[in-house]
Amino acid sequence: MIILDTGEFFKMTTQHDHARFSGELATQLKDNLFINTNYRDTVILSITEHDRAWIRLDQVPIWNDQQKIPFSFTDYPLLPKITMYKKGIDEVENMNQYAALLCSIHYTSFQDIRQSNQKDCIDYIKNELQRQQQIKSKLPHFNDKVVTQHYRLLRFLDELSLYVCLNQAGVTKNEEHPWFVNGFGTLIDDQRYYAEWKSRSEIKITPFPFKTEFEITLKTKYVPKDLREKIGINSAYHDTGYTFSTLRIVG
C-alpha cells in the first residue's frame, strides 16, 4: 500500500492500482524510448503488472502501532514481502517471460533485501538471479542494452506514479515528497526528468517523454482517521469508497 497522511485522511493507493497507472503512462511513451518497438507491448505489460506481488498483501491493510500510520511498501515486514514478491513474479512469468525478467530485475534491486543477512532474503536473491539467467538463455536475441533501457522505463514510470500517489494534488515544489524535489532518480539516456504540479489537476514533465499531452485517472481511497479510530484500519479501508482523480500530463 502507498500511504500519504493528508491530515484528516490517509490517502491509500494499492500497489496494483499504482502499477496499472504506471502502465497507462507507458502506453503514451514515445516509441523511440523502447529502442526496439517489437518489445513495446511486453514492456507495457511488465510495467502494468510489476506490483502483482502486492495484490494479496494490500487486501488487508495493517496498522503500524509505532508510527501511528498504516504499514506502507517502505516499512512493511520484510519476510512476508519476499514471499509474495516471488509469487508475483511467478504470475508475471506465466503471462510472459520477458516481462517477468524485467520484474525480477526490479524486485532484486531493493536495498532492504540486498543488504539483509537473513537467510530467506539471501535465498530469494539467489533464486531470482537464477530465474533471470534462465530467461535470458531462452531469449533468441538477448541484448543487454535493450533490457537495461526497458528496466529504466519501468523504474521511471514507477517513480512518476509514486510522485502522484505520495503528493497532495497541487502541492508546491518545495512541499513535495523529498524523493522528488530534485527530479527522479532514474535516468533515461543519461537524462534526468522532473515533475511539477501546475494545478490540482495538471502535472508538467520536463523534458517531455510522451507522444502528446493526455489525461489519466488515478484510483485511490481517502480513509478518514476518525473512522479508523472507531473500527480499525482494515474495516475503515474497506468501508471507504474509491476516489477517481483525473489528471492532465503536460510538457
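Contact here means heavy atoms within 4.5 Å. The structure is a predicted model, in which local features need pLDDT of at least 70 and side-chain atom pairs count only at pLDDT 80 or more, while totals for chains, interfaces and linings use all residues. Residues are numbered from 1 along each chain as its sequence is written, and side-chain values use heavy atoms, with hydrogens and water left out.

The chain has nine helices and eight strands. These elements are DSSP runs numbered from the N terminus (helices: H or I, at least four residues; strands: E, at least two). The radius of gyration is 18 Å, close to the 18 Å from the globule rule for 251 residues, so the chain is as compact as a globular protein of that length. That radius is taken over C-alpha atoms, and the rule is 2.2 Å times the number of residues to the power 0.38. The C-alpha trace spans about 55 × 45 × 30 Å along its principal axes. Of the 251 residues, 49% count as buried. Buried means under 20% relative accessible area, exposed over 50%, and partly exposed in between (1.4 Å probe, protein chains only). Among contacts between residues at least 6 apart in sequence, 71% join residues at least 24 apart.

Helix 4 (residues 97–107) is mostly covered, with ten of its eleven residues buried. Among them are Tyr98, Leu102, Cys103 and His106. The buried residues of helix 4 pack against helix 2, helix 3 (78–95), helix 5 (111–114), helix 6 (119–138) and helix 7 (144–165). Helix 2 is also mostly covered: eight of its ten residues are buried. These include Arg40 and Glu49. Packing partners of the buried residues of helix 2 are helix 1 (15–26), helix 3, helix 4 and helix 7.

The axes of helix 2 (residues 40–49) and helix 4 come within 8 Å and cross at roughly 45°. Axes are lines fitted to C-alpha atoms, for helices over the stretch in contact, and angles run from 0 to 180 degrees between N-to-C directions. Helix 2 and helix 4 are therefore oblique to each other. Angles under 35 degrees count as roughly parallel, over 145 as roughly antiparallel, 65 to 115 as roughly perpendicular and the rest as oblique. The crossing of helix 2 and helix 4 is right-handed, meaning that the near helix is turned clockwise from the far one by less than a right angle. Thr42, Val43, Leu45 and Ser46 of helix 2 meet Tyr98, Ala99, Leu102 and Cys103 of helix 4. By class, six residues of this contact are nonpolar, two polar and none charged. Ala, Val, Leu, Ile, Met, Phe, Trp, Tyr, Cys and Pro count as nonpolar, Asp, Glu, Lys and Arg as charged, and the others, Gly among them, as polar.

For helix 1 and helix 7, the axes come within 9 Å and cross at roughly 120°. Helix 1 is thus oblique to helix 7. The crossing of helix 1 and helix 7 is right-handed. Helix 1 contributes His18, Phe21, Ser22, Leu25 and Ala26, and the helix 7 side includes Leu157, Asp158 and Leu160. The contact of helix 1 with helix 7 has eight nonpolar, three polar and one charged residues.

Arg155 lies in helix 7 and is partly exposed, at 30% relative accessible area. Not counting residues up to four places away in sequence, Arg155 touches His106, Ser109 and Thr186. Thr240 lies in the loop between helix 9 (233–239) and strand 8 (242–250). At 11% relative accessibility, Thr240 counts as buried.
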